[in-house]
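Let's take a walk through a protein chain together. Have a look at the sequence and the model first.

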Amino acid sequence: MKNTRNGLMSQQVNRLSIAIVAGVVLGVALCAVMISLGYRHAYSALPASYDVRLLGLPLYHLDRAGETYTGAPVLRNMMFVGILCSLVLAVLVETWWRRREGRRGDR
């Protein structure tokens, strides 16, 4: 395979771009699930305030106002989760791709 502009390098850029976008989407979904679980826990325990955490990292802060909770996101940490998911997904995709290509070359 040639390493041309339309060949291998273009495929790798496409794979990495898709992995990065999918990682951001995965990070957003993970944060949404954690926030939903945080609201659920807050309404069952009824604390005055509650921090939604993922592996010790605060993602969302809930404050009770009467019977309901209001929340404020910790945007810096949410962005960190999205970047981390993108990085991990990109590494996993490239590792999988290299192993798959290596097995094809052994045949």
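Here is a tour from the whole chain down to a single residue.

A quick heads-up: this is a predicted model, where local features need pLDDT of at least 70, side-chain atom pairs count only at pLDDT 80 or more, and totals for chains, interfaces and linings use all residues. Residues are numbered from 1 along each chain as its sequence is written, and side-chain values use heavy atoms, with hydrogens and water left out.

Reading from the N terminus, the order is α-β-β-β-α. The chain is more spread out than a compact globule, because its radius of gyration is 20 Å, well over the 13 Å that the globule rule gives for 107 residues. (That radius is taken over C-alpha atoms, and the rule is 2.2 Å times the number of residues to the power 0.38.) Along its principal axes, the C-alpha trace spans about 65 × 25 × 15 Å.

How many of the 107 residues count as buried? The share is 23%, where buried means under 20% relative accessible area, with a 1.4 Å probe and protein chains only.

Now zoom in on glutamate 94, which sits in helix H2 (residues 75-106). Glutamate 94 counts as buried because its relative accessibility is 12%. Setting aside neighbours within four places in sequence, glutamate 94 is in contact (heavy atoms within 4.5 Å) with Gln12, Arg15 and Leu16.

How values were computed:
Helices (H or I, at least four residues) and strands (E, at least two) are DSSP runs, numbered from the N terminus. Buried means under 20% relative accessible area, exposed over 50%, partly exposed in between (1.4 Å probe, protein chains only).
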